[in-house]
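Take a look at the fold below. Start with the overall architecture, then turn to the charged side chains.

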Amino acid sequence: VNRIIDESFQLSASAPGRVMFNAARALRTHGHKEVAHEVLERALEWYHSRITGDYRYAIAKVLYWDEQWSDAQTIFEKLYQEYPDNQNYHGYTGIVAARLGEREKANRILEELYSKPEPYLFGSHLYWCARIAAILGEHQRAVKLLREAYGQGVRYGMDKLIQMDFESLHEYQPYIELMRPKG
């Protein structure tokens, strides 16, 4: 992992942060939580060393995956206040609230996302709702929302398979069936 990260410094100015973040996500997914934590710490150091650019969103995601939810919440909420039309910031405020046990707030955000009036969301708002529901332990609701999200156009891919917000669903049969490769 370190060799790949070191090589990423040669690619572009922003590559190392993304490489470290994605490596840590894959490591965590495959049961290497401690190594993932080390890589996420390295990513945080790298992001904080940047002189130019706004890396708050990337930093907040790193903090989130490193289970530093309160620190992540502070950044996501500030970003959402600054950019209330940004669905990702809104979604993250919901999943962080769920992680922190702020059930009422998480459900309010889930409902706000679910009833988004904008066209052409292609189910992305429902994907956020499914993540919130899964964290809240509402497995049936999460799978239903995930089905709707895929039905409206959310792309199925590796990113979805390594999503830590669905870890509680890994033994839930309807989720297993939904995520099983088809065809």
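What follows goes from the whole chain to single pairs of residues.

This is a predicted model. The chain holds eleven helices and zero strands. The C-alpha atoms fill a box of roughly 40 × 40 × 30 Å along the principal axes. Of the 183 residues, 43% count as buried. Take the contacts between residues at least 6 apart in sequence: 57% of them join residues at least 24 apart. The exposed surface comes to about 10,000 Å², with 53% supplied by carbon and sulfur atoms.

Now the charges. The chain carries 23 positive and 25 negative side chains. The centres of the two sets lie 5 Å apart. The structure holds 16 salt bridges.

One of them joins Glu67 and Lys33, at 2.9 Å from N to O. Glu67 lies in the loop between helix 4 and helix 5, and Lys33 in helix 3, so the pair ties together parts that are 34 residues apart in sequence. Glu67 is partly exposed at 30% relative accessibility, and Lys33 is partly exposed at 45%. Both residues belong to a salt-bridge network that also links Arg28 and Glu167.

Another salt bridge pairs Lys105 with Glu77, with the closest N and O atoms 2.1 Å apart. Lys105 sits in helix 7 and Glu77 in helix 5, 28 residues apart. Lys105 is partly exposed at 21% relative accessibility, as is Glu77 at 23%.

Arg56 and Asp54 also meet in a salt bridge, 2.9 Å from N to O. Arg56 is partly exposed at 24%, whereas Asp54 counts as exposed at 52%, because the cut-off for exposed is over 50%.

Notes:
Residues are numbered from 1 along each chain as its sequence is written. This is a predicted model: local features need pLDDT of at least 70, side-chain atom pairs count only at pLDDT 80 or more; totals for chains, interfaces and linings use all residues. Side-chain values use heavy atoms; hydrogens and water are left out. Helices (H or I, at least four residues) and strands (E, at least two) are DSSP runs, numbered from the N terminus. Buried means under 20% relative accessible area, exposed over 50%, partly exposed in between (1.4 Å probe, protein chains only). Contact means heavy atoms within 4.5 Å. Accessible areas come from the Shrake-Rupley method with a 1.4 Å probe; for residues, only the protein chains shown count as cover. Lys and Arg count as positive and Asp and Glu as negative; His and the chain ends are not counted. The place of a charge is taken as NZ of Lys, CZ of Arg, CG of Asp or CD of Glu. A salt bridge is a side-chain nitrogen of Lys or Arg within 4 Å of a carboxyl oxygen of Asp or Glu.
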